[in-house]
Amino acid sequence: MGKVFAFHGGVHPPENKKQSTRTPIAQAPLPKMLYIPLQQHIGIAANPVVNVGDRVLKGQLIAEPVGRISASLHAPTSGIVRSIGPHPVPHASGLESDCITLETDGQDEWIEHQGLQDYTRLEPSVLIEHIRQCGIAGMGGAGFPTDVKLHLGDDHIVNTLIINAAECEPYITADDMLMRERAADILSGIRIISHLLRPSHIMIGIEDNKPQAIHALEAVLKGCELNIDIRVVPTKYPSGGERQLIQLLTGLEVPSGRIPADIGIVCQNVGTATAIHRAVHFGEPLISRIVTVTGDAVAKPQNFEALIGTPFADLLEAANLYEGRLFRLVMGGPMMGVTVAHDQIPVIKTTNCIIAASDEEMPQAPPEQPCIRCNMCEQVCPVTLLPQQLYWFSKGREFDKARNHNLFDCIECGACAYVCPSSIPLVQYYRFAKSEIRTEEAEQRKADHARQRFEARQARLEREQAEKEARRKARAEEAARAQQSRKNTEAEKAQSASDSAAPAASAAPDLKQLKTAAAVARTKLKKARDAFKNAEDKGLDGIDALRATLTDLEQKSEEAEQAFKAAEQAEAAAAAEKGVDLKQLKIDAAMARAAVTKLERALTKTEDEQARREMETELVEARKKSDALNQSLSEHSPA
Amino acid sequence: MSLIRLSSPHVYKANSTANVMRLVMLAMLPGILAMTVFFGWGTVIQIIWAGLLALGFEAVILKLRKRPVLFHLNDGSAIVTAMLLAVAIPPFAPWWMTLVGVFVAIVLGKHLYGGLGQNPFNPAMVAYALLLISFPVEMTRWTAPFVLNGDGWQIAPFLDTLKAIFAAADNLWYDSFTGATPLDEIRHRGGLTTEEAWRQSTVLSQGIGAWHAVSAAWLMGGIFLLYRKVITWHAPISMLLALTLCSSMFFGFDPDNYADPFFHLSTGATMLAAFFIITDPVSSATSNRGRIVFGASIGILIFIIRTWGNYPDGVAFAVLLMNLAAPFIDIYTQPRSYGHNRAKKGQGGKA
Ligand code: SF4
Ligand code: SF4
């Protein structure tokens with residue numbers, strides 16, 4: 001036995017595990033209808049491969065995975081596909097989602113299936129593909145497709161395999177009973193996993209409140225060739241959290257935002273190990289699992305081996321539900337489970353527990369009182385966060401600060417809310433803050449996209465502008481040349497004049513239009529801003545929609561403004577080009593005039609014959625030049 | 001079938017603010033008992049009087065603020081504040097002083113800032129500091145412990161005490177029951193060395209035992225609170241350690257002019273402050289590390305104010321000063337979270 005480390009915090013809620021361990025695992029009765037959700041795992045929902053009306057056999061593929069992170073689904077028993085469509089599913093949102101509805105025929109007729117002969121001789125990729133074909137997803141927590149975790153060997157060096165048998169949530173005993181009754185299957189599954197991952201060390205982490213399970217495991221481990229350690233950890237919630245268990249067993253912390261494989265560790269749940277065993281040795285896909293049905297509102301709390309898709313109602317009935325006593329139906333444990341509003345919700349691959357709680361057992365939380373900063377929440381947080389600070393930030397919508405205080409490392413274990421003397425539903429605040437931040441980020445991304453699009457457009461417009469400019473310059477040069485030879489024909493002159501006037505004339509109305517458009521956009525934006533501010537102040541619904549409109553308008557207004565400015569600049573540039581000519585001309589003319597006057601004055605003062613004659617010729621030249629300039633000036637100045 | 005949908009967790013520890021407050025009151029009993037035994041009925045009368053006033057003020061202001069009156073009165077926080085103030089002021093303090101004190105604590109110190117959980121300062125200490133500044137004479141006239149009265153176990157009778165508090169009592173009688181505290185004696189020893197002051201002062205040579213006993217009683221209550229996990233060790237232990245360290249240093253260096261560490265720990269409001277005042281969750285730093293810094297700073301400030309300051313006991317001012325610094329301490333004492341290499345300091349920037 002190696003050293004067991006500790007993690008910060010944790011709580012000791014009443015265990016309530018005895019109720020459901022009095023009888024062995026029972027086979028749940030075959031329900032009339034099975035509802036098999038297409039999405040039972042993290043990743044993309046599976047794609048149905050059967051049609052309504054088809055008869056399917058037990059173990060037959062009914063939906064295939066889509067993409068790498070997805071899992072296939074199989075018929076849990078023989079029967080007829082009745083429909084494929086929305087049905088209540090076990091999800092925190094309470095929304096419906098697509099399910100395959102299977103009407104069972106009671107024959108439980110298997111499709112032909114067989115295990116792999118000797119998996120140790122197979123290529124790992126073939127073995128993993130077989131496991132993938134059997135639709136195995138993690139059965140302890142979020143339901144991550146198992147084959148993906150087994151592939152990790154390629155990109156990561158795995159040195160430690162951790163089998164999670166902690167089962168720290170109160171009430172749940174599914175893994176406990178599985179270990180007591182099927183320890184050999186678990187070991188067989190561990191062998192397969194270790195064959196694939198080749199870890200140097202395997203640890204089974206189990207809480208010390210399961211002595212019988214520990215015993216059973218020890219018994220099958222005797223003489224086992226693998227390097228397996230059973231590590232008994234103190235009973236404390238949430239020691240079964242993946243990251244907490246890793247810390248308990250190895251003293252290592254998984255860096256924030258990384259996965260355990262990044263530090264050479266892979267975790268698998270005991271249920272998953274069993275499922276792998278059945279898949280490899282018997283070719284059975286994952287079509288059933290062990291579910292604890294417990295709570296004060298059932299007369300016979302116990303564990304059932306239930307088919308995936310079995311409605312909760314059937315299991316509750318099998319455990320003798322007292323209808324009148326039922327107050328809240330929880331799926332999962334009392335600390336992290338979600339309440340369901342509907343008893344037709346089916347068992348899925350990750351359903352480990354159903355608690356039919358009475359009012360006294362899980363009463364409504366007392367009303368929220370002011371936080372007294374008692375710090376009890378910090379004492380119990382397994383992630384060493386400051387739950388109280390996160391609460392103030394979430395409540396005050398200071399999301400940046402919440403994120404800076406590592407809000408996203410919160411595992412929503414509920415330990416802080418459990419101890420809070422002021423009955424503040426802390427986890428709800430964190431969920432709210434997280435979803436707000438995610439929405440904000442999505443919007444930010446959208447806005448960034450829009451900005452990029454806008455900038456690209458802007459660049460294109462500028463390019464076009466530059467090309468136009470070049471064209472106009474060429475035209476202007478031509479016009480200048482034409483001016484040189486303007487004495488040739490008056491017609492040519494007229495032509496060139498209309499040429500240079502044309503673009504200016506066509507630009508004018510354009511500019512005006514653009515200006516109006518920009519003003520209109522500005523007004524619209526202002527109105528939307530006011531509406532948004534108003535809605536925000538009053539906390540009205542539909543804020544998100546408003547925000548989206550606002551971003552949209554902001555962008556439009558900016559575009560209009562930019563377009564107007566660009567046009568204005570273009571015109572100014574055009575005008576400037578023309579202006580420079582005119583100005584230069586004026587200056588030249590004035591200088592010529594001045595030169596003439598100067599010469600005239602000098603002429604009157606000079607006595608020398610030779611100098612006078614020279615001056616006179618100079619004066620004639622100067623007069624000529626001045627006249628020419630004046631002529632051209634009068635031609636070019638606007639009438 | 002329609003069932004309610006609720007957020008996790010679905011179970012809660014049987015634990016409430018009112019419960020926490022009740023435990024604090026329970027933990028104060030030994031201290032109150034010791035004070036009554038050694039200093040007479042004054043403490044008990046003050047507690048009852050302050051408690052009634054606190055409930056009254058709290059109810060009125062809750063009503064004015066349109067809050068559910070009973071719901072909040074039930075949390076017991078007003079009574080705890082009143083009790084802390086009542087044990088901090090001299091047992092013979094006149095009734096109107098308590099009234100002013102409770103008013104300041106509940107109305108100004110707590111509700112003006114938004115009520116329970118929002119006050120940046122410890123309300124009882126705000127009131128205490130204000131009384132000390134406004135009525136220095138009354139606030140420093142402590143009942144002399146009975147051991148000083150020479151002829152055995154005599155404390156002022158209950159009715160006389162009541163009269164002394166609620167009506168202007170006969171001055172002569174009153175004077176014979178009041179005296180300075182050990183901290184006063186040490187500070188106002190003139191040119192005497194500590195040793196000489198000790199020998200000459202009746203308070204120090206005879207009455208000190210009573211103060212030790214009261215301190216021990218507060219300590220007991222504090223241990224109870226630690227045991228019941230109402231408070232954590234961080235602030236009290238670091239405060240006591242800091243005070244011990246400072247006083248040892250100065251005492252070791254110059255024993256003639258400085259009091260010994262044991263004297264600092266066992267007189268005045270040291271123990272009361274360590275376990276009942278600086279552990280007030282609302283106005284202290286929040287993280288564990290923060291509370292260590294918070295407590296240690298108070299310990300140092302207490303030593304400084306007691307030794308070189310002008311007031312008999314530094315506790316109230318030390319606490320208020322650090323209350324002011326608590327938010328700042330919080331920013332720099334974020335703990336290192338799981339999976340992060342370093343603790344974050346400060347709040348700026350994006351994570
Ligand atoms: S446990 Fe509750 S009351 Fe105490 S600090 Fe945390 S949030 Fe505030
Ligand atoms: S819910 Fe989050 S903040 Fe609360 S104890 Fe668990 S990890 Fe910490």
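**Helix packing**

I began with α6(B) and α17(B), whose axes come within 9 Å and cross at roughly 130°. That angle makes α6(B) oblique to α17(B), since angles under 35 degrees count as roughly parallel, over 145 as roughly antiparallel, 65 to 115 as roughly perpendicular and the rest as oblique. I noted the crossing of α6(B) and α17(B) as left-handed (near helix turned anticlockwise from the far one by less than a right angle; clockwise is right-handed). Axes are lines fitted to C-alpha atoms, for helices over the stretch in contact, with angles from 0 to 180 degrees between N-to-C directions. Helices here are DSSP runs (H or I, at least four residues), numbered from the N terminus.

Before moving on, I noted that this is a predicted model, where local features need pLDDT of at least 70. Residues are numbered from 1 along each chain, and chains are lettered from A.

Next I looked up α16 (288–308) and α17 (315–332) of chain B, which pack at about 150° with axes 9 Å apart. α16(B) and α17(B) are therefore roughly antiparallel, and their crossing is right-handed.

**Exposure**

Is Leu112(B) buried or exposed? I found it exposed, at 61% relative accessibility (buried is under 20%, exposed over 50%, partly exposed in between; 1.4 Å probe, protein chains only). Leu112(B) sits in the loop between α5 (95–110) and α6 (123–134) of chain B.

Glu558(A) is partly exposed at 43%, and its C-alpha atom lies 9.9 Å from that of Leu525(A), 33 residues apart along the chain.

Methods
This is a predicted model: local features need pLDDT of at least 70, side-chain atom pairs count only at pLDDT 80 or more; totals for chains, interfaces and linings use all residues. Side-chain values use heavy atoms; hydrogens and water are left out. Helices (H or I, at least four residues) and strands (E, at least two) are DSSP runs, numbered from the N terminus.
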